[in-house]
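Hi,

Here's the structure I promised to send over. Have a look at it first, and my notes follow below.

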Amino acid sequence: MATSQDLIKQAKSEISEITGGELQQLMKQNPQMVLVDVREKDEQEQGIVPQAHLIPRGFLELKIEDTVPERNKEVVLYCAGGVRSALAAQSLKLMGYEKVHSLIGGYTQWAREGRPTEKRAFLDTEKLDRYARHLAMPEVGEAGQIKLLNSKVFLVG
């Protein structure tokens, strides 16, 4: 019977891992590449790598095709320390994604090295409940609802 460490070791042997420097170079050379943060929302609230799509690990296989329908597109995944993103990269490879990488050391290492980070606005629990119908709509989502709230334009009806 395999342990969690066995699964992690196997995943890392089957995927590509890149450093923060390699990721920055890849972002410059290939602006079409897709960066995905697989951490949970409470972790993402602490900061993210600029340009990252936010898909928590538990939803990755269900939502990745909406974000990256082309399976030959370059995808880099990151989590807090590089373990969840390695397992996620292995999963995407099984789904047929050809150019998948995991960021070594994850967001923690990225930030520790002084690389660019940003904070995004997130809805609090009350607003998540209040706007649940809007958030379920792919055209709106949390980012669209935040934009609408910040614009102070409301539709009545």
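Buried residues account for 34% of the 157 residues in the protein, where buried means under 20% relative accessible area with a 1.4 Å probe, counting protein chains only. Bear in mind that this is a predicted model, where local features need pLDDT of at least 70 and side-chain atom pairs count only at pLDDT 80 or more, while totals for chains, interfaces and linings use all residues. Numbering starts from 1 along each chain as its sequence is written, and side-chain values use heavy atoms, with hydrogens and water left out.

On the fold: the protein has 9 helices and 5 strands, taken as DSSP runs (H or I, at least four residues, for helices; E, at least two, for strands) and numbered from the N terminus. Their order from the N terminus is α-β-α-β-α-β-α-β-α-β-α-α-α-α.

Now the inside. The largest nonpolar core has 17 residues; such a core is a set of buried Ala, Val, Leu, Ile, Met, Phe, Trp, Tyr and Cys residues joined through side-chain atoms within 4.5 Å. V36, V38, L60, I64, L77 and L92 have the most contacts inside this core, a contact being heavy atoms within 4.5 Å. At least two core residues come from each of β2 (34–37), α4 (60–67), β4 (74–78) and α5 (83–94), and α5 gives the largest share, 4 residues.

Cheers

Note on methods: Buried means under 20% relative accessible area, exposed over 50%, partly exposed in between (1.4 Å probe, protein chains only).
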